[in-house]
Amino acid sequence: MPPSHVLVPLDGSPLADEALAEALALFDCQVTVLNVVTPLDSGMSEGGVLDAGADRRESARDRADRLVDRARDRAAEADRTVDTVVRTGDPADTILEYVDESDADRVVMGGHGGDRGAVARRLLGTVATKVVGEAPVTVTVVR
């Protein structure tokens with residue numbers, strides 16, 4: 001059964017861009033783009049190394065706004081529209097929370113490799129691994 005609402009988490013990576021292109025090409029339904037701004041004091045941020053001042057917070061929010069604006073532009077090029085959401089939090093947890101509170105019935109996201117120890121994490125990346133393992137909906141990982 002085809003989805004009626006696809007969630008595409010965007011982090012600015014080429015694979016996330018590919019995930020958006022894939023979602024727009026494959027699914028003729030509502031598409032929501034979600035960018036998660038990682039708190040500057042998070043372990044997934046450079047905040048532990050650099051000062052987490054107001055300038056850095058503003059810069060992170062500006063980057064998020066640019067990412068979702070770019071997603072809107074890419075959708076328009078395909079004669080589509082996307083809804084956009086920017087949230088702050090742990091990326092995987094925030095994606096899963098959005099799925100739980102919305103009517104999204106598919107997630108299409110980029111996956112990336114990395115030397116994380118476990119075979120699945122090497123193949124997918126930590127955020128994608130957690131979303132695949134815990135999402136209550138189908139997750140398509142673009143590699």
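The following legends describe close-up views of a predicted model.

**View 1. Overall course of the chain.** The secondary structure comprises five helices and five strands, which follow one another from the N terminus as β-α-β-α-β-α-β-α-α-β. Of the 143 residues, 43% are buried. Among contacts with a separation of 6 or more, 69% join residues 24 or more positions apart. The chain exposes about 7800 Å², and carbon and sulfur atoms contribute 47% of this area.

View 2. Five strands are arranged in the order E3-E2-E1-E4-E5, with parallel pairing. On average, neighbouring strands are turned by 25° against each other, direction ignored.

**View 3. Pairing of strands E1 and E2.** Strand E1 (residues 5–9) runs parallel to strand E2 (residues 30–37), and five bridges join the two. One of the residues involved is His5, whose bridge partner in E2 is Gln30.

**View 4. Helix H5 against the sheet.** Helix H5 (residues 126–134) packs on the sheet and touches both strand E4 (106–110) and strand E5. The direction of H5 makes about 165° with that of E4.

**View 5. The loop residue Asp79.** Asp79 belongs to the loop between helix H2 (54–77) and strand E3 (83–88). Most residues other than glycine have a negative phi.

Note on methods: Residues are numbered from 1 along each chain as its sequence is written. This is a predicted model: local features need pLDDT of at least 70, side-chain atom pairs count only at pLDDT 80 or more; totals for chains, interfaces and linings use all residues. Side-chain values use heavy atoms; hydrogens and water are left out. Helices (H or I, at least four residues) and strands (E, at least two) are DSSP runs, numbered from the N terminus. Buried means under 20% relative accessible area, exposed over 50%, partly exposed in between (1.4 Å probe, protein chains only). Contact means heavy atoms within 4.5 Å. Accessible areas come from the Shrake-Rupley method with a 1.4 Å probe; for residues, only the protein chains shown count as cover. Two strands pair if DSSP finds at least two bridges between them. Axes are lines fitted to C-alpha atoms, for helices over the stretch in contact, and angles run from 0 to 180 degrees between N-to-C directions.
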